[in-house]
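Reader: I've got the model open and I'd like to learn how to read it. Can you walk me through a few features?

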Amino acid sequence: MNNANPLVSILIPVYKRENVVKRAINSALKQTYRNIEIICVDNDSPDNTFNTLLEYQEKDNRIKVYKQEKNVGPVRNWMTCLEKSSGEYIKFLWSDDEISEDCIEKLIAPFIACNDIGLSYSKVDIYVEDEILKSKYQLGKTGKYKSIYFIKIAAGLILGKTVPVSPGCALLKREVVEKYLKVNYENDKGLDFSRYGAGNDSMLFYGACNDYKYIFYVDEALSNFYGEKDSFTITNKLEDYYEYVLEMFLKHNSKKFKFFTEKRMLLKTNFRNIEIKFIPFFIEYKIRLKFRRLRNFIIKKIKKQCEC
(Lines give C-alpha, C1' and ligand atoms only; values in the text may rest on other atoms or scores of the structure.)
Protein backbone atom coordinates (compact mmCIF):
# COMPACT_ATOMS: atom_id res chain seq x y z
CA MET A 1 0.00 0.00 0.00
CA ASN A 2 1.35 3.45 -0.90
CA ASN A 3 2.17 6.07 1.69
CA ALA A 4 -1.00 8.16 2.15
CA ASN A 5 0.95 11.34 2.92
CA PRO A 6 4.28 11.27 1.04
CA LEU A 7 6.68 14.20 1.07
CA VAL A 8 6.63 16.22 -2.14
CA SER A 9 9.65 18.35 -3.05
CA ILE A 10 8.88 21.48 -5.03
CA LEU A 11 12.07 22.41 -6.87
CA ILE A 12 12.55 26.04 -7.94
CA PRO A 13 15.81 26.61 -9.85
CA VAL A 14 16.39 30.35 -10.16
CA TYR A 15 18.49 32.76 -12.20
CA LYS A 16 17.89 36.52 -12.40
CA ARG A 17 14.24 36.37 -11.33
CA GLU A 18 14.10 38.85 -8.44
CA ASN A 19 10.96 40.49 -9.88
CA VAL A 20 8.90 37.36 -10.54
CA VAL A 21 10.15 34.54 -8.30
CA LYS A 22 7.79 35.68 -5.53
CA ARG A 23 4.83 34.58 -7.65
CA ALA A 24 6.22 31.05 -7.89
CA ILE A 25 7.11 30.77 -4.20
CA ASN A 26 3.79 32.21 -3.04
CA SER A 27 1.90 29.68 -5.13
CA ALA A 28 3.97 26.86 -3.63
CA LEU A 29 3.31 28.07 -0.08
CA LYS A 30 -0.46 28.14 -0.66
CA GLN A 31 -0.72 24.42 -1.46
CA THR A 32 -3.65 22.62 0.15
CA TYR A 33 -1.44 19.52 0.30
CA ARG A 34 0.68 20.35 3.32
CA ASN A 35 3.51 17.78 3.35
CA ILE A 36 5.86 19.69 1.08
CA GLU A 37 9.33 21.16 1.06
CA ILE A 38 10.40 23.96 -1.25
CA ILE A 39 13.96 23.83 -2.56
CA CYS A 40 15.28 27.03 -4.18
CA VAL A 41 18.74 27.07 -5.76
CA ASP A 42 20.06 30.36 -7.13
CA ASN A 43 22.41 29.87 -10.07
CA ASP A 44 24.73 32.72 -9.02
CA SER A 45 22.37 35.51 -10.08
CA PRO A 46 23.93 38.97 -10.48
CA ASP A 47 20.78 40.69 -9.18
CA ASN A 48 18.94 40.57 -5.85
CA THR A 49 17.36 37.15 -6.43
CA PHE A 50 19.27 35.35 -3.66
CA ASN A 51 18.36 37.94 -1.01
CA THR A 52 14.72 37.63 -2.03
CA LEU A 53 14.93 33.87 -1.49
CA LEU A 54 16.57 34.34 1.92
CA GLU A 55 13.70 36.56 3.02
CA TYR A 56 11.26 33.76 2.29
CA GLN A 57 13.42 31.19 4.06
CA GLU A 58 13.34 33.27 7.23
CA LYS A 59 9.53 33.33 7.20
CA ASP A 60 8.77 29.65 6.47
CA ASN A 61 10.84 26.63 7.52
CA ARG A 62 9.54 24.58 4.59
CA ILE A 63 11.74 26.69 2.30
CA LYS A 64 15.41 25.76 1.90
CA VAL A 65 17.64 28.13 -0.06
CA TYR A 66 21.02 27.47 -1.67
CA LYS A 67 23.31 29.36 -4.01
CA GLN A 68 25.83 28.13 -6.56
CA GLU A 69 29.35 29.52 -6.17
CA LYS A 70 29.36 30.08 -9.93
CA ASN A 71 26.84 29.67 -12.72
CA VAL A 72 26.77 25.95 -13.51
CA GLY A 73 24.25 26.05 -16.35
CA PRO A 74 20.56 25.14 -16.17
CA VAL A 75 20.62 21.34 -15.98
CA ARG A 76 23.28 21.13 -13.29
CA ASN A 77 21.26 23.62 -11.27
CA TRP A 78 18.19 21.41 -11.65
CA MET A 79 20.27 18.48 -10.41
CA THR A 80 21.45 20.47 -7.40
CA CYS A 81 17.81 21.12 -6.54
CA LEU A 82 17.19 17.38 -6.71
CA GLU A 83 20.26 16.54 -4.61
CA LYS A 84 19.19 18.97 -1.88
CA SER A 85 15.65 17.57 -1.75
CA SER A 86 14.25 14.65 0.24
CA GLY A 87 10.80 14.10 -1.23
CA GLU A 88 9.42 10.85 -2.57
CA TYR A 89 7.85 12.89 -5.38
CA ILE A 90 9.31 15.76 -7.39
CA LYS A 91 7.54 18.86 -8.68
CA PHE A 92 9.53 21.27 -10.84
CA LEU A 93 8.26 24.84 -10.60
CA TRP A 94 9.96 27.31 -12.93
CA SER A 95 10.74 30.57 -11.22
CA ASP A 96 8.44 32.80 -13.29
CA ASP A 97 5.43 30.47 -13.25
CA GLU A 98 2.81 29.51 -10.68
CA ILE A 99 0.68 26.56 -9.67
CA SER A 100 -2.89 26.47 -8.38
CA GLU A 101 -3.53 25.94 -4.68
CA ASP A 102 -4.74 22.37 -5.26
CA CYS A 103 -2.06 21.44 -7.80
CA ILE A 104 -0.08 19.02 -5.62
CA GLU A 105 -3.22 17.63 -4.00
CA LYS A 106 -4.72 16.65 -7.37
CA LEU A 107 -1.48 15.40 -8.92
CA ILE A 108 -0.44 13.25 -5.95
CA ALA A 109 -3.80 11.51 -5.52
CA PRO A 110 -3.34 9.05 -8.44
CA PHE A 111 0.04 7.95 -7.11
CA ILE A 112 -1.42 7.22 -3.69
CA ALA A 113 -4.25 5.22 -5.23
CA CYS A 114 -2.24 3.22 -7.80
CA ASN A 115 1.21 1.62 -7.95
CA ASP A 116 1.45 1.45 -11.74
CA ILE A 117 1.42 5.20 -12.55
CA GLY A 118 4.70 6.80 -13.62
CA LEU A 119 3.68 10.45 -13.91
CA SER A 120 0.77 12.74 -13.30
CA TYR A 121 0.22 16.00 -15.16
CA SER A 122 -2.37 18.60 -16.09
CA LYS A 123 -3.09 20.93 -18.92
CA VAL A 124 -1.51 24.39 -18.79
CA ASP A 125 -2.74 27.94 -19.21
CA ILE A 126 -0.20 30.10 -21.03
CA TYR A 127 -0.17 33.81 -20.23
CA VAL A 128 1.51 36.68 -22.02
CA GLU A 129 1.77 39.80 -19.86
CA ASP A 130 -1.02 38.48 -17.59
CA GLU A 131 -3.38 37.90 -20.54
CA ILE A 132 -4.27 34.28 -21.22
CA LEU A 133 -3.08 33.17 -24.65
CA LYS A 134 -3.87 29.49 -24.80
CA SER A 135 -4.68 26.35 -22.84
CA LYS A 136 -2.22 23.65 -23.83
CA TYR A 137 -1.69 19.89 -23.52
CA GLN A 138 -5.32 18.77 -23.28
CA LEU A 139 -5.30 14.99 -23.41
CA GLY A 140 -8.94 14.21 -22.73
CA LYS A 141 -11.04 13.55 -19.66
CA THR A 142 -9.38 13.35 -16.25
CA GLY A 143 -8.19 9.82 -15.68
CA LYS A 144 -5.63 7.10 -16.21
CA TYR A 145 -4.16 6.48 -19.67
CA LYS A 146 -1.77 3.89 -21.02
CA SER A 147 1.79 5.18 -21.20
CA ILE A 148 2.11 3.97 -24.76
CA TYR A 149 -0.64 6.42 -25.73
CA PHE A 150 1.49 9.30 -24.41
CA ILE A 151 4.48 8.08 -26.46
CA LYS A 152 2.35 7.78 -29.60
CA ILE A 153 1.32 11.43 -29.25
CA ALA A 154 4.88 12.54 -28.54
CA ALA A 155 6.02 10.67 -31.66
CA GLY A 156 3.45 12.52 -33.77
CA LEU A 157 1.43 9.42 -34.56
CA ILE A 158 -1.86 10.77 -33.19
CA LEU A 159 -2.97 13.97 -34.88
CA GLY A 160 -4.69 16.75 -32.97
CA LYS A 161 -3.06 15.91 -29.63
CA THR A 162 0.02 17.29 -27.91
CA VAL A 163 1.86 16.29 -24.77
CA PRO A 164 4.19 18.39 -22.60
CA VAL A 165 7.95 18.33 -22.87
CA SER A 166 8.67 20.47 -19.82
CA PRO A 167 7.97 18.98 -16.36
CA GLY A 168 6.61 22.30 -15.09
CA CYS A 169 3.08 20.88 -15.30
CA ALA A 170 3.85 17.42 -13.92
CA LEU A 171 4.54 15.46 -10.77
CA LEU A 172 7.10 12.67 -11.03
CA LYS A 173 8.39 9.88 -8.86
CA ARG A 174 11.81 10.64 -7.44
CA GLU A 175 13.23 7.39 -8.79
CA VAL A 176 12.25 8.41 -12.33
CA VAL A 177 13.92 11.83 -12.07
CA GLU A 178 17.10 10.37 -10.56
CA LYS A 179 17.28 7.72 -13.27
CA TYR A 180 16.55 9.83 -16.34
CA LEU A 181 17.75 13.37 -15.64
CA LYS A 182 21.07 13.74 -17.46
CA VAL A 183 23.35 16.74 -18.01
CA ASN A 184 24.22 15.86 -21.59
CA TYR A 185 23.80 13.25 -24.31
CA GLU A 186 26.57 12.18 -26.64
CA ASN A 187 25.70 13.01 -30.23
CA ASP A 188 27.30 13.73 -33.60
CA LYS A 189 25.13 16.77 -34.35
CA GLY A 190 26.97 19.32 -32.23
CA LEU A 191 24.09 19.62 -29.76
CA ASP A 192 25.04 20.79 -26.26
CA PHE A 193 22.19 19.57 -24.08
CA SER A 194 23.65 21.15 -20.95
CA ARG A 195 23.16 24.60 -22.47
CA TYR A 196 19.36 24.66 -22.74
CA GLY A 197 18.05 21.55 -21.00
CA ALA A 198 15.81 20.96 -24.01
CA GLY A 199 15.37 17.23 -24.43
CA ASN A 200 16.78 16.58 -20.97
CA ASP A 201 13.36 17.57 -19.63
CA SER A 202 11.25 15.57 -22.09
CA MET A 203 13.27 12.44 -21.29
CA LEU A 204 11.71 12.49 -17.81
CA PHE A 205 8.30 11.92 -19.40
CA TYR A 206 9.56 9.23 -21.75
CA GLY A 207 11.38 7.48 -18.91
CA ALA A 208 8.28 7.45 -16.73
CA CYS A 209 6.29 6.00 -19.63
CA ASN A 210 8.97 3.39 -20.23
CA ASP A 211 9.08 2.21 -16.60
CA TYR A 212 5.36 2.37 -15.78
CA LYS A 213 2.28 1.10 -17.59
CA TYR A 214 0.11 4.15 -16.96
CA ILE A 215 0.11 7.93 -16.67
CA PHE A 216 -2.55 10.14 -15.12
CA TYR A 217 -3.97 13.30 -16.67
CA VAL A 218 -5.95 16.03 -14.88
CA ASP A 219 -8.13 18.07 -17.23
CA GLU A 220 -7.66 21.32 -15.31
CA ALA A 221 -5.04 24.02 -15.70
CA LEU A 222 -3.10 23.42 -12.49
CA SER A 223 -0.05 25.30 -13.83
CA ASN A 224 0.29 28.72 -15.40
CA PHE A 225 3.21 29.51 -17.71
CA TYR A 226 4.12 33.17 -18.21
CA GLY A 227 5.98 35.07 -20.93
CA GLU A 228 6.22 38.42 -22.71
CA LYS A 229 4.72 39.55 -26.01
CA ASP A 230 8.16 40.04 -27.54
CA SER A 231 9.03 36.40 -26.94
CA PHE A 232 7.74 35.23 -30.33
CA THR A 233 11.04 34.58 -32.07
CA ILE A 234 11.67 32.01 -34.77
CA THR A 235 14.21 29.29 -34.08
CA ASN A 236 14.62 25.62 -34.82
CA LYS A 237 17.43 24.98 -32.37
CA LEU A 238 15.32 23.53 -29.58
CA GLU A 239 13.27 21.44 -31.99
CA ASP A 240 16.49 19.69 -33.00
CA TYR A 241 17.19 18.84 -29.36
CA TYR A 242 13.75 17.42 -28.71
CA GLU A 243 13.73 15.45 -31.94
CA TYR A 244 17.12 13.92 -31.18
CA VAL A 245 16.12 12.80 -27.68
CA LEU A 246 12.84 11.31 -28.89
CA GLU A 247 14.58 9.38 -31.67
CA MET A 248 17.25 8.22 -29.22
CA PHE A 249 14.63 7.02 -26.77
CA LEU A 250 12.67 5.11 -29.41
CA LYS A 251 15.78 3.46 -30.81
CA HIS A 252 17.12 2.56 -27.36
CA ASN A 253 13.81 0.85 -26.63
CA SER A 254 13.47 -0.59 -30.11
CA LYS A 255 11.80 -3.84 -29.04
CA LYS A 256 8.93 -1.94 -27.48
CA PHE A 257 8.73 0.98 -29.94
CA LYS A 258 10.09 -0.39 -33.23
CA PHE A 259 6.75 0.13 -34.95
CA PHE A 260 6.71 3.78 -33.83
CA THR A 261 10.12 4.45 -35.35
CA GLU A 262 9.21 2.85 -38.67
CA LYS A 263 5.89 4.69 -38.89
CA ARG A 264 7.54 8.04 -38.06
CA MET A 265 10.00 7.53 -40.91
CA LEU A 266 7.13 6.88 -43.32
CA LEU A 267 5.27 9.96 -42.11
CA LYS A 268 8.35 12.17 -42.48
CA THR A 269 8.90 10.91 -46.02
CA ASN A 270 5.29 11.19 -47.14
CA PHE A 271 4.38 14.53 -45.56
CA ARG A 272 7.21 16.47 -47.19
CA ASN A 273 5.21 16.77 -50.42
CA ILE A 274 1.71 17.10 -48.98
CA GLU A 275 -0.07 20.43 -49.52
CA ILE A 276 -3.08 21.63 -47.56
CA LYS A 277 -6.04 21.75 -49.95
CA PHE A 278 -9.74 22.53 -49.77
CA ILE A 279 -9.16 25.12 -47.01
CA PRO A 280 -9.77 28.81 -47.77
CA PHE A 281 -6.49 30.68 -47.78
CA PHE A 282 -7.34 33.06 -44.93
CA ILE A 283 -8.34 30.14 -42.65
CA GLU A 284 -5.16 28.26 -43.47
CA TYR A 285 -3.13 31.40 -42.78
CA LYS A 286 -4.78 31.93 -39.38
CA ILE A 287 -4.21 28.31 -38.41
CA ARG A 288 -0.55 28.44 -39.37
CA LEU A 289 -0.02 31.79 -37.62
CA LYS A 290 -1.71 30.61 -34.43
CA PHE A 291 0.39 27.49 -34.12
CA ARG A 292 3.60 29.30 -35.13
CA ARG A 293 3.10 31.92 -32.42
CA LEU A 294 2.31 29.26 -29.82
CA ARG A 295 5.29 27.14 -30.82
CA ASN A 296 7.68 30.05 -30.64
CA PHE A 297 6.29 31.12 -27.28
CA ILE A 298 6.94 27.65 -25.88
CA ILE A 299 10.47 27.60 -27.33
CA LYS A 300 11.25 30.98 -25.79
CA LYS A 301 9.68 29.86 -22.53
CA ILE A 302 11.87 26.77 -22.36
CA LYS A 303 14.96 28.88 -23.03
CA LYS A 304 14.05 31.14 -20.11
CA GLN A 305 13.49 28.16 -17.85
CA CYS A 306 16.80 26.67 -18.88
CA GLU A 307 18.67 29.75 -17.69
CA CYS A 308 17.82 28.72 -14.13
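Predicted model: local features only at pLDDT ≥ 70, side-chain atom pairs only at ≥ 80, totals over all residues.

Reader: Which residues touch the most other members of the largest nonpolar core?

Author: Among its 53 residues, they are Phe-92, Leu-119, Tyr-121, Phe-150, Val-177, Tyr-206 and Ile-215. Helix H9 (residues 237-252) supplies the largest share of this core, eight residues. Helices (H or I, at least four residues) and strands (E, at least two) are DSSP runs, numbered from the N terminus. There's also a second, separate core of 31 residues, including Val-14, Ile-38, Val-65 and Leu-107.

Reader: How do I read strand pairing?

Author: Two strands pair if DSSP finds at least two bridges between them. Take strand S10 (residues 214-227), where 11 of the 14 residues are buried. S10 pairs in the parallel sense with strand S6 (residues 117-128) over 10 bridges, and Asp-125 has Asn-224 as its bridge partner in S10. Strand S8 (residues 143-146) runs antiparallel to S10, joined by four bridges, with Gly-143 opposite Tyr-217.

Reader: Which residues of helix H4 are buried?

Author: In H4 (residues 103-113), they're Cys-103, Ile-104, Leu-107, Ile-108, Pro-110 and Phe-111. These cover an arc of only 145 degrees around the axis, so they sit on the same side of H4; the arc is that of the directions from the helix axis to the C-beta atoms. Contact means heavy atoms within 4.5 Å. The strands they pack against include S6 and S10.

Reader: And what does the side chain of Glu-37 reach?

Author: A polar contact is a pair of N or O atoms within 3.5 Å; within protein, one must be able to donate a hydrogen and the other to accept it, and residues adjacent in sequence count only if both atoms are side-chain atoms. Glu-37's side chain reaches the backbone nitrogen of Ser-86 at 2.6 Å, and the backbone nitrogen of Gly-87 lies 3.4 Å from one of its polar atoms. Glu-37 is buried, with a relative accessible area of 5%.

Conventions
Residues numbered from 1 in each chain as written. Heavy atoms only, no water. Buried < 20%, exposed > 50% of the residue type's maximum accessible area, 1.4 Å probe, protein only. Core = buried A, V, L, I, M, F, W, Y, C linked by side-chain atoms within 4.5 Å.
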